[in-house]
Amino acid sequence: MDRGRKATGHFAIASVDSDGVPNITPVGTVFLREDRTAFYFDQYTSALARNLDTNPRVCLMAVDRGTLFWFRSLLVGRFAAAPGVRLYGTAGTLRPATDLELAQVRRRVRPMRFLRGGRLLWSNFSHVRDITFTSSRLVRYPMMMAHLPQTDSVPFHDPEV
């Protein structure tokens, strides 16, 4: 999960609207906890927020898009680790962020706070949604992953927590 977030700067959160139409939202402020839960700052997620009002089920996906990871994998014809993971769960209702959660997001966006766009995007966080995960599934490319354990279990640890 962490490799995927670092490689892209975000996680992709999939949801479904009231008509069953899927939507994918990139969210850079997801924080994983060790107890198979997470929270994210619900700042710019209008379609996702609307969808969660009718169906709180979500899929969070992270893919390691790192050039070196993919070059090495393609060069040797196998992945050293799964290139991505999907976590399935349920999002909670919008709630005010705690002081600890606000400190975590400030730490993550610290390098960008000196940039004009960074100040515009990441200075007014106030509310979060919790996610409780119920299952996971690794992104698989069988031809390049036969040597890896055939498990879908995923560690739930965010080093920034």
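Colleague: How many bridges join strand 3 (residues 30-32) to strand 4?

Modeller: Helices (H or I, at least four residues) and strands (E, at least two) are DSSP runs, numbered from the N terminus. Two strands pair if DSSP finds at least two bridges between them. Strands 3 and 4 run antiparallel, and the number of bridges that join them is three.

Colleague: Which atoms do the side-chain values use?

Modeller: This is a predicted model, in which local features need pLDDT of at least 70 and side-chain atom pairs count only at pLDDT 80 or more, while totals for chains, interfaces and linings use all residues.

Colleague: Which residue in the turn between strand 3 and strand 4 has a positive phi?

Modeller: The two strands form a hairpin, with four residues between them. Within this turn, a positive phi of about 65° belongs to Arg36.

Colleague: Which residue in strand 8 stands opposite Phe41?

Modeller: Strand 4 also meets strand 8 (residues 127-139), to which five bridges join it in an antiparallel arrangement. In strand 8, the residue opposite Phe41 is Val128.

Colleague: How many residues of strand 4 are buried?

Modeller: Buried means under 20% relative accessible area, exposed over 50%, and partly exposed in between (1.4 Å probe, protein chains only). In a regular strand the side chains alternate between the two faces of the sheet. Here both faces are covered, with Thr37, Phe39 and Phe41 buried on one side and Ala38 and Tyr40 on the other. Strand 4 (residues 37-41) is therefore largely enclosed by the rest of the structure, the number of its five residues that are buried being five.

Colleague: Are the rings of Phe39 and Phe41 stacked or edge-to-face?

Modeller: Rings of Phe, Tyr and Trp (its six-membered ring) pair if their centres lie within 6.5 Å; planes under 30 degrees apart count as stacked, over 60 as edge-to-face and the rest as tilted. The structure holds seven aromatic pairs. The centres of Phe39 and Phe41 are 6.0 Å apart and their planes are at 70°, so the pair is edge-to-face.

Colleague: How many residues apart in sequence are the parts that Phe41 and Phe125 tie together?

Modeller: Phe41 is buried, at 2% relative accessibility. Its ring centre is 5.1 Å from that of Phe125 and the planes are at 50°, so this pair is tilted. Because Phe41 lies in strand 4 and Phe125 in the loop between helix 5 (116-121) and strand 8, the parts tied together are apart in sequence by 84 residues.

Colleague: Which residue has its charged end over the ring of Phe31?

Modeller: Phe31 forms one aromatic cluster with Phe39, Phe41 and Phe125. A charge sits over a ring if NZ of Lys or CZ of Arg is within 6 Å of the ring centre and within 35 degrees of the ring normal. The charged end over Phe31, 3.9 Å from the ring centre, is that of Arg108.

How values were computed. Residues numbered from 1 in each chain as written. Heavy atoms only, no water.
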